[in-house]
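Please examine the structure below before reading further. The paragraphs that follow lead through its parts one at a time.

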Amino acid sequence: MSAPVAALLAVGLCCAVPAPAQFGGVLGRARQKIEESRQKAKPVTDRAEKAAAIRPWTEEEEQQIGQATAAKMVAMFGVVQEPAVVRYVNLVGATVARQAPRKMPYRFAVLDTEIVGAFALPGGYVFLTKGALLQMENEAQLAGALGHEVVHIAERHLETEIRSKRGSAWAIQEAQAQQLPLDQSIRQRADAFLNDLFNMRLSQDKEDAADREGALLASRAGYTPRGLLTFIERLAQVNQSEENKRLFGQLLSTHPSFESRIQVLQQAVAAAGDRGELLEARFRGAVPH
Amino acid sequence: MTATLLNSKVVRVAVWICFALAALALGQQAGQQKKEAPPAQKSEPAPLFGGQLGIRSSAKTKESATLGFNGIDPSGRVDKAMMATTPGDKDRETVANLDKNRPSDAEVEEFIRQGGLKK
């Protein structure tokens, strides 16, 4: 046997013997330390870790993320504080939310912006814009619009949409956020959620469901189910004027067209039966136009 | 004589180089000034609903509230600068106070009764 071959065999034998047996516990501990630090620095790519990140938010997480998201919305737009308006919107919202399939503390507020829109945040926060409120003519319309948002929250529509559309990117982001201290983690997840809220279009079936079930919630509460339909019809009419387009840019970038929503709502009204209250005078009394 | 000629040539070349460098520097300065010039102020379109609703806001003066399109780009979408807003303690307090605006069951029932709605 030549010297090089003998040397190779010797090295091979050394490698085959377990490390602790060769050098005792010192090397074993060193390897353990290296493995621990490698685990800490490892990017989140394992299936198990992704699966943990993909689990739905717990109710506590949902509340915390919703609260942080709501704070950012308030910082961005400000909220209307006129006591009569705040009280009235909360009473109508609470009346509709009683009919919701998911019981939780729903809170309603009016954002101080002219753009027309409404937003459903995790944890039961519903924001309607002043621009949307000014386009309404009666309480049934307000009830229908708030019902639409309550359905989004009750069914966790945006959260499930983000998970399905962003898949592993969402999972990695969630897992990374979970490794941060709690306040940073919540803030990061709230920022990501808000970004999706303003930029992601929900699937047509989720928006249709929110329109249909929102109208139904209002109807169960005693309002005419036509409220949301007539509100969307009014928005479609106002949107025809070129100078008003800026009002609807955000709404139309994340929702189906008005025409499509009108069709869905016409079917919902036909199915629910056109009965119930409009309450135009009470609305006019509470929301000065 | 030759030395004088050489010298004068060297001087001429040096003068030309100086001119060229000065021109280059002037050109760069002008370009920089152009870049640093403040952008023309964009005029905010007149509010469509401003002043129609006498609703007070928490975070804005009456004047800024009537503008209403702050942070909204011309297509009507929320712009990036607005998205980067960081909430402060006052905003968090406002959110915490939203719970106080929730009506009691008795108040909701009275509201339902007054409106002739369903319990």
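**A guided reading of the two chains**

Chain B has five helices and zero strands. The model discussed here is a predicted one. Read along its sequence, chain B follows the pattern α-α-α-α-α. Of the 119 residues in chain B, 13% are buried. In chain A, by contrast in content, the secondary structure comes to 15 helices and three strands, and buried residues make up 45% of its 289 residues.

The folding of chain A can also be described through its contacts. Among contacts in chain A between residues at least 6 apart in sequence, 74% join residues at least 24 apart.

How many residues of chain B are in contact with chain A? On the side of chain B there are 45 such residues, and they are in contact with 47 residues of chain A. The elements of chain B that give two or more residues to this side are α3 (80-83), α4 (89-98) and α5 (105-115). By class, the side of chain B that touches chain A consists of 21 nonpolar, 15 polar and nine charged residues.

The strands of chain A may be considered next. In general, the strands of a sheet pair through backbone hydrogen bonds, either parallel or antiparallel. In chain A, an open sheet of three strands has the order β1-β3-β2, with mixed pairing. The strands β1 (107-111) and β2 (118-121) of chain A stand at the edges and have a single partner strand each, so one side of each is left without a neighbour in the sheet. On average, and with direction ignored, neighbouring strands of this sheet are turned by 20° against each other.

β2(A) pairs with strand β3 (residues 125-129) of chain A in the antiparallel sense, over four bridges. Here A118(A) is the residue that stands opposite L128(A) in β3(A).

The packing of helices in chain A can be followed through two pairs. The crossing in which α6(A) passes α8(A) is right-handed. The contact is made by V92(A), G93(A), V96(A) and A97(A) of α6(A), together with E139(A), L142(A), A143(A), L146(A), G147(A) and V150(A) of α8(A). These residues divide into seven nonpolar, two polar and one charged.

One residue of this contact deserves a separate description. L142(A) lies in helix α8 of chain A. Why does L142(A) count as buried? L142(A) has 29 C-beta neighbours inside 10 Å, and a residue is buried if 20 or more other C-beta atoms lie within that distance. With neighbours within four places in sequence left aside, L142(A) is in contact with V92(A), M136(A) and F283(A). L142(A) and V96(A) are 46 residues apart in sequence, and their C-alpha atoms are 9.9 Å apart in space.

In the second pair, α12(A) and helix α14 (residues 258-272) of chain A pack at an angle of about 160°, with their axes 9 Å apart. That angle makes α12(A) roughly antiparallel to α14(A). The crossing of α12(A) and α14(A) is left-handed. Residues of α12(A), including L228(A), L229(A) and I232(A), meet residues of α14(A), including I262(A), L265(A) and V269(A). By class, this contact has nine nonpolar, one polar and four charged residues.

N244(A) lies in the loop between α12 (226-238) and α13 (245-254) of chain A. Because 17 other C-beta atoms lie within 10 Å, N244(A) is partly exposed. N244(A) and I115(A) are 129 residues apart in sequence and 9.6 Å apart in space, C-alpha to C-alpha.

Conventions: Residues numbered from 1 in each chain as written. Chains lettered and ligands numbered in written order. Predicted model: local features only at pLDDT ≥ 70, side-chain atom pairs only at ≥ 80, totals over all residues. Contact = placed C-beta atoms within 7 Å. Nonpolar A, V, L, I, M, F, W, Y, C, P; charged D, E, K, R; others polar. Left-handed = near helix turned anticlockwise from the far one by under 90°. Buried ≥ 20, exposed ≤ 12 C-beta atoms within 10 Å, placed from the backbone. Pairing = 2+ DSSP bridges. Axes fitted to C-alpha atoms, helices over the stretch in contact; angles between N-to-C directions. Parallel < 35°, antiparallel > 145°, perpendicular 65-115°, else oblique.
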